[in-house]
Amino acid sequence: MGKFNEELVNAGMMEAGEGLHPSSKGARIRYAGGQGRASRGPFPLTDDLVAGFWLIKAGSLDEAIDWMKRAPFGGGAEIEIRQVFSAEDFGDALTPQLREQEERLRAQAKK
Amino acid sequence: MRFMLLMIPQGYCSAPPDVQLDPERVKAMMKYNEALQQAGILITLDGLHPPSAGARVSFASGKPVVTDGPFTESKEVLGGYWMIDVKSQEEAIAWACKCPASENEIIEIRRVQEMADFSDEVREAAAGFAEMQGRTARR
């Protein structure tokens with residue numbers, strides 16, 4: 001997997017990548033009546049659990065698929081590919097005020 | 001400790017590719033994002049396009065097999081995520097509880113793996129990972 005990651009970085013596509021501890025060490029929050037309530041993992045009822053992720057920059061969904069097909073997984077693993085929302089996806093719903101707030105948040109979060 | 005707050009909106013599994021968000025809900029969520037940021041714990045955050053615009057690559061047969069979304073067998077899908085840096089899982093849970101989420105939404109809290117969590121053997125195999133993270137192309 002280190003080799004695959006290296007290829008992504010060398011191709012200038014990798015924005016981030018992390019592995020996650022198992023859900024047995026995690027928690028879930030449900031919201032009823034405006035109130036958040038926590039329950040502890042593991043979560044046996046769920047069919048799909050996230051174990052880690054890559055954030056990559058690709059020209060198209062097809063390019064992202066081609067890259068992830070090369071990930072060195074044996075049987076059992078599955079990778080789901082989803083496009084990250086950008087400001088332009090929201091059109092007029094993103095008011096100038098919201099856009100300014102979003103940009104400021106991102107700049108500050110990066111520090 | 002770094003934690004992912006994984007937003008799982010029920011029903012998002014069947015959302016159309018051009019899903020529209022409610023500006024009022026976005027405003028409420030931005031207020032929450034701002035609170036995370038002002039507390040100095042926000043590392044990154046993103047929203048994801050619906051699964052109907054995505055794809056899955058599965059390795060069950062040892063060879064990659066591509067399926068286009070939506071994924072009818074999945075009841076729970078990701079709508080977005082935050083990564084935060086806090087002192088404990090309790091603190092991460094307390095922050096997630098403050099999220100102005102709807103009744104159809106669940107936030108799953110999962111700790112991010114650090115090199116210190118692994119055996120020497122794994123750390124050796126993952127040599128260069130930290131440098132790689134430093135070299136990634138952040139926006």
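Reply: Six bridges join β2(A) to β3(A), and these two strands run antiparallel. Strands here are DSSP runs of type E with at least two residues, helices are runs of H or I with at least four, both numbered from the N terminus, and two strands pair if DSSP finds at least two bridges between them. The model is a predicted one, in which local features need pLDDT of at least 70 and side-chain atom pairs count only at pLDDT 80 or more, while totals for chains, interfaces and linings use all residues. Residues are numbered from 1 along each chain as its sequence is written, with chains lettered from A and ligands numbered from 1 in the order in which they are written.

Me: In β3(A), which residue is the bridge partner of A:Arg30?
Reply: The pairing of β2(A) with β3(A) is antiparallel. Within β3(A), the residue bridged to A:Arg30 is A:Arg37.

Me: Which residue of β6(B) does A:Arg28 stand opposite?
Reply: β2(A) also pairs with strand β6 of chain B, residues 105-111, in the antiparallel sense over four bridges. In β6(B), the residue opposite A:Arg28 is B:Glu108.

Me: In the open sheet of six strands, which strands stand at the edges, each with a single partner strand?
Reply: The order of this antiparallel sheet is β3(A)-β2(A)-β6(B)-β1(B)-β5(B)-β2(B). One side of each edge strand is left without a neighbour in the sheet, because each has a single partner strand, and these strands are β3 of chain A and β2 (42-47) of chain B.

Me: By what angle are neighbouring strands of the six-stranded sheet turned against each other on average?
Reply: Axes are lines fitted to C-alpha atoms, for helices over the stretch in contact, and angles between N-to-C directions run from 0 to 180 degrees. For this sheet the average is taken with direction ignored, and its value is 20°.

Me: At about what angle to β6(B) does helix α2 of chain B run?
Reply: This helix, residues 89-97, lies across β2 and β3 of chain A together with β1 (2-9), β5 (80-85) and β6 of chain B. Relative to β6(B), the helix runs at about 160°.

Me: Is B:Leu42 buried or exposed?
Reply: B:Leu42 is found in strand β2 of chain B. A residue is buried if 20 or more other C-beta atoms, placed from the backbone, lie within 10 Å of its own, exposed if 12 or fewer, and partly exposed in between. Because B:Leu42 has 22 C-beta neighbours inside 10 Å, this residue counts as buried.

Me: How many residues does the contact take from chain B?
Reply: Two residues are in contact if their C-beta atoms, placed from the backbone, lie within 7 Å. Chain A gives 53 residues to the contact, and from chain B the number is 62.
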